[in-house]
Amino acid sequence: MKNKLKPLLALFALLLNITAGAQILSQGEAVPKGAIVYSLPSTSFKITAEAVRETFVAGPYAKYAQKYLGIQVRENSGDFYTLSTVELSSYIEADRSTNIALNLGNTSRATANFLEMMSQGLVIWSDSGAGRKDYARFPAQVNSGVFNMEMATSNLTNVSTTLYKTVRTETGMERVPVQQNQIVEKSVEKRAEEIANSIFRLRAKRMEIITGETDATFSGEALKAAIDEMNRLESEYMSLFTGKSVFDKQRASFDVVPSRESARQIYVAFRISDNQGLLPADNVAGSPVIIELLKENGQPAPSFNMDLTAEKGRVLYRVPEIMIAKVSSGQNNLLQTRVPVYQFGKVLSFPIDVAFGK
């Protein structure tokens with residue numbers, strides 16, 4: 001009788017081993033036959049930043065703006081970036097540090113329970129990823145020939161020079177003045193002065209038209225057209241001193257994966273440079289934009305020593321820790337939001353073949 005019971009006991013022991021629940025797979029370890037492989041969920045952050053780029057071209061007469069117009073202007077051309085918007089989003093992917101083998105057996109309850117836990121995000125397939133495609137856009141440089149130099153005054157001027165020659169007269173040798181006229185190129189400062197005078201004349205004429213102190217009569221659309229044209233001319237003349245700017249946008253995305261081993265949950269998401277724009281976190285040419293994770297009570301998120309053991313017939317799963325995510329640049333807080341972070345949460349176990357009554 002005992003000999004007949006031995007095969008049955010061996011089969012029963014085999015069934016217990018098959019339904020032994022979750023098994024942590026080490027690196028290179030073979031997956032048990034008939035088992036599925038899953039991972040615990042992990043939270044990653046995607047930070048999408050947008051910067052406004054100003055491509056500035058200094059005016060050809062910028063150095064004379066203070067002298068002839070009494071205004072301070074920029075004299076150096078270049079690209080200048082300003083951070084405009086920051087967006088934070090989280091996504092769930094498989095925690096690559098741990099793969100777990102699980103044999104669901106032949107019961108429909110175990111399969112249904114496992115799929116329910118997966119639909120709630122408590123467990124995740126080992127090959128699950130974000131599946132995203134991100135692009136960084138760097139617009140082309142604008143053409144620096146933005147000034148309408150045809151509106152400038154004439155480039156040439158007449159210069160009179162008095163020369164002297166010695167001639168013989170009745171009284172002896174005398175120096176006689178000789179006037180010599182020649183056409184030469186105007187200096188840059190001279191052209192700047194003439195443009196400044198044109199600006200003042202435009203302003204005076206516009207005031208005369210508006211106040212009616214002119215012989216010409218303007219009314220209705222004619223008045224509006226005259227004023228608009230004077231405004232346009234003044235703007236073009238002023239740009240020769242103040243320069244011109246063209247604005248476009250630079251947009252890029254950066255990823256941050258929080259680690260539960262970090263004592264302080266502070267990460268450099270990306271960097272922003274005044275002259276180079278949006279930069280990755282490892283490029284120290286820019287100022288850092290950081291993301292900080294805090295527990296809701298304001299304390300830094302601690303590291304966790306996860307106990308990845310489970311009893312027979314149980315499945316391991318992970319519940320997230322609710323954190324406060326702050327994105328800041330220097331002393332400026334750019335955004336703040338609540339977000340669940342799975343790798344900071346607890347690992348628990350659940351009887352996979354339990355039946356729920358209704």
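**Questions on a predicted protein model**

The accessible surface of the protein comes to about 21,900 Å², of which 52% belongs to carbon and sulfur atoms; the areas come from the Shrake-Rupley method with a 1.4 Å probe, and for residues only the protein chains shown count as cover. This is a predicted model, in which local features need pLDDT of at least 70 and side-chain atom pairs count only at pLDDT 80 or more, while totals for chains, interfaces and linings use all residues. Residues are numbered from 1 along each chain as its sequence is written, and side-chain values use heavy atoms, with hydrogens and water left out.

Reader: How many helices and strands are there in the protein?

Author: Helices (H or I, at least four residues) and strands (E, at least two) are DSSP runs, numbered from the N terminus. By that rule the protein has five helices and 14 strands.

Reader: What percentage of the residues in the protein is buried?

Author: Buried means under 20% relative accessible area, exposed means over 50%, and partly exposed lies in between (1.4 Å probe, protein chains only). Of the 358 residues, the buried ones make up 34%.

Reader: Is Ser 328 buried or exposed?

Author: Ser 328 lies in strand S13. Not counting residues up to four places away in sequence, Ser 328 touches Pro 288, Val 289, Ile 290, Asn 333 and Leu 334, where contact means heavy atoms within 4.5 Å. Its relative accessibility is 15%, so Ser 328 counts as buried.

Reader: Why does Glu 208 count as partly exposed?

Author: Glu 208 is found in helix H4 (residues 188-211). Leaving aside neighbours within four places in sequence, Glu 208 is in contact with Glu 213 and Thr 214. Glu 208 counts as partly exposed because its relative accessibility is 28%.

Reader: How many bridges join strand S12 to strand S13?

Author: Strand S12 covers residues 287-295 and strand S13 residues 314-329, and the two run antiparallel. One of the positions involved is Val 289, whose bridge partner in S13 is Ser 329. The bridges between S12 and S13 number seven.

Reader: Which residue takes a positive phi in the hairpin of S13 and S14?

Author: S13 and S14 pair in the antiparallel sense over 15 bridges, and in S14 the bridge partner of Ser 329 is Asn 332. The hairpin has two residues between the strands. The residue with a positive phi, near 65°, is Gly 330.

Reader: Which residues form one aromatic cluster?

Author: Rings of Phe, Tyr and Trp (its six-membered ring) pair if their centres lie within 6.5 Å; planes under 30 degrees apart count as stacked, over 60 as edge-to-face and the rest as tilted. The count comes to five aromatic pairs, including the edge-to-face pair of Tyr 38 and Phe 114, at 5.4 Å centre to centre and 70° between the planes. This pair links distant parts of the chain, with Tyr 38 in strand S2 (residues 36-39) and Phe 114 in helix H3 (residues 108-119), 76 residues apart. The cluster consists of Tyr 38, Phe 114 and Trp 125.

Notes:
Pairing = 2+ DSSP bridges.
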